[in-house]
Amino acid sequence: YGADAVKNSRPFIETDPPETDFLGEACRLWEESIEPVTLMGIRLVILRTGIVLTKEGGALKEFVMPIRFGVAAILGTGKQIISWIHIDDLCRMYLMALENESIKGVYNAVAPKPVTNRELTLKLAERIKKRFFLPLYIPSFLLKLVIGELSVEVLKSTTVSCERIRMSGYSFVYPSIESAIGGLYNDK
């Protein structure tokens, strides 16, 4: 969807247009490429997936790495919104999409409570290191020097709504970042 608009404070919904950057264009083309199956009478479900939280890799690994050394690395201002989902909820959504014939079209696969980069980082640090960590803001210019164009994506704030999947009957096991982190670190 791109970055949150300053004037438009509502979360992105499934009918919002894609961003015109590389990532938005790649997703648009990917979705368009599968659309012809609907002409053959095949039910199509597209799950637009947020940042997946799993201990198996991905973004969580990048957040956790500096925390293991006692540093809670907050990117840029830390105010950018992260629309995330726990791996178990994502898998359950896929199962729901496979089993429920009334599910069709596009759905946002994100948790109901997006968080800021700062909040996610600090909650992880509190869980992993308890009180023995140092919050450290990594300036945007430094991120641009180190990771280049990828810095645009990690500094982007994108608030995405999960209302459509919830209205379809999906009930989240991990609706909050606290429950998700607890679930990942066996803290139930």
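The structure is a predicted model, in which local features need pLDDT of at least 70 and side-chain atom pairs count only at pLDDT 80 or more, whereas totals for chains, interfaces and linings use all residues. Residues are numbered from 1 along each chain as its sequence is written, and side-chain values use heavy atoms, with hydrogens and water left out.

The buried residues of α2 are Leu60, Phe63, Val64 and Ile67, where buried means under 20% relative accessible area, exposed over 50%, and partly exposed in between, for a 1.4 Å probe and protein chains only. Because these four residues cover an arc of only 90 degrees around the axis, they lie on the same side of α2, the arc being that of the directions from the helix axis to the C-beta atoms. An α-helix has 3.6 residues a turn, so residues three or four places apart point the same way. The face of α2 turned away from this buried side carries the exposed residues Gly58 and Lys61. Among the elements that cover the buried residues of α2 are β2 (51-53), β3, β4 (81-82), α4 and α8.

When its neighbours within four places in sequence are left aside, Leu124 is in contact (heavy atoms within 4.5 Å) with Leu60, Phe63, Val64, Ile67, Ile181 and Tyr185.

Strand β6 (residues 105-109) is mostly covered, with four of its five residues buried. This strand pairs with β1 (residues 45-49) in the parallel sense over five bridges, pairing being assigned if DSSP finds at least two bridges between two strands; the bridge partner of Val45 in β6 is Gly105.

Two loop positions were also examined. Ser157, in the loop between α6 (150-154) and α7 (163-167), counts as buried because its relative accessibility is 17%. A polar atom of the Ser157 side chain lies 2.8 Å from the backbone nitrogen of Ile81. Beyond its neighbours within four places in sequence, Ser157 is in contact with Gly2, Ala3, Asp4, Lys79, Gln80 and Ile81. Pro139, in the loop between β8 (134-138) and α5 (140-147), is at 33% relative accessibility and therefore counts as partly exposed. The C-alpha atoms of Pro139 and Leu75 are separated by 6.8 Å, although these residues are 64 apart along the chain.

With a disulfide taken as a pair of cysteine sulfur atoms within 2.5 Å, the count comes to zero. The sulfur of Cys91 is 17 Å from the closest cysteine sulfur, in Cys162, and is therefore too far for a bond. Cys91 is partly exposed, with a relative accessible area of 41%, whereas Cys162, at 4% relative accessibility, counts as buried.

Definitions and conventions: A polar contact is a pair of N or O atoms within 3.5 Å; within protein, one must be able to donate a hydrogen and the other to accept it, and residues adjacent in sequence count only if both atoms are side-chain atoms.
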